[in-house]
Amino acid sequence: MKEISNAELSVLNILWQDAPLGANEVVEALASSQGMHEKTVKTLLNRLVKKQALGYEKEGRAYRYYPLIDQSEYQLKESQSFVERVFAGKVAPLVAGFAKQKQLSPEDIAELKALIDNWEEEQSS
């Protein structure tokens, strides 16, 4: 998978929420949420098509875009890459950093505990 810029990720986030969408719908969403201009958004759409991150279907004179990459797969790949680059592949220092900054909510902690419990059960079976 080719690298996705932050601006391109904004486009993908819109389409992961609701696809397929026409270019004008994507422009509207990003203009209101991030102040992006129409030409910028259309350039981003074209880049993502070239990177094979988006597909499109022609509907009359317009194009409707949809993601070709799965959001959870992308997030997993990017999080693994981040942990490798910044934390030498170790997740514990990342979580510890959030804990030290008191950025873990009780819900986050419960979810992490459940993930660890599930992982331990899978390892023992």
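Biologist: What separates the centres of domain 1 and domain 2, taken over C-alpha atoms?

Modeller: 34 Å. The bounds come from an automatic or database domain assignment. Here domain 1 covers 6–67 and domain 2 covers 90–124. This is a predicted model: local features need pLDDT of at least 70, side-chain atom pairs count only at pLDDT 80 or more, and totals for chains, interfaces and linings use all residues. Residues are numbered from 1 along each chain as its sequence is written, and side-chain values use heavy atoms, without hydrogens and water.

Biologist: In what order do the 3 strands of the open sheet run?

Modeller: Start with the terms. Strands are DSSP runs of E, at least two residues, and helices are runs of H or I, at least four, numbered from the N terminus. Two strands pair if DSSP finds at least two bridges between them. Here the order is β1-β3-β2, with antiparallel pairing. The edge strands, β1 (21–22) and β2 (54–59), each pair on one side only.

Biologist: Which residues are bridge partners in β3?

Modeller: Take β1 and β3 (residues 62–67), joined by 2 bridges. L21 partners Y65. Next, 6 bridges join β2 to β3. There G55 partners Y66. β2 and β3 form a hairpin with 2 residues between them, and G60 in the turn has a positive phi of about 70°.

Biologist: Where does helix α3 lie?

Modeller: Axes are lines fitted to C-alpha atoms, for helices over the stretch in contact (heavy atoms within 4.5 Å). Angles run from 0 to 180 degrees between N-to-C directions. Helix α3 (residues 38–50) lies across β2 and β3, at about 115° to β2.

Biologist: Which residues touch the most other members of the largest nonpolar core?

Modeller: In soluble globular proteins, nonpolar side chains tend to be buried together. A nonpolar core is a set of buried Ala, Val, Leu, Ile, Met, Phe, Trp, Tyr and Cys residues joined through side-chain atoms within 4.5 Å. Buried means under 20% relative accessible area (1.4 Å probe, protein chains only). The core has 21 residues, and V11, L15, V26, L45 and L54 touch the most other members. α1 (6–17), α2 (23–34) and α3 each give two or more residues. α1 gives the most, with 5.

Biologist: What is L15 in contact with, leaving aside its neighbours within four places in sequence?

Modeller: L21, V26, L45, L54, Y65 and P67.

Methods. Buried < 20%, exposed > 50% of the residue type's maximum accessible area, 1.4 Å probe, protein only.
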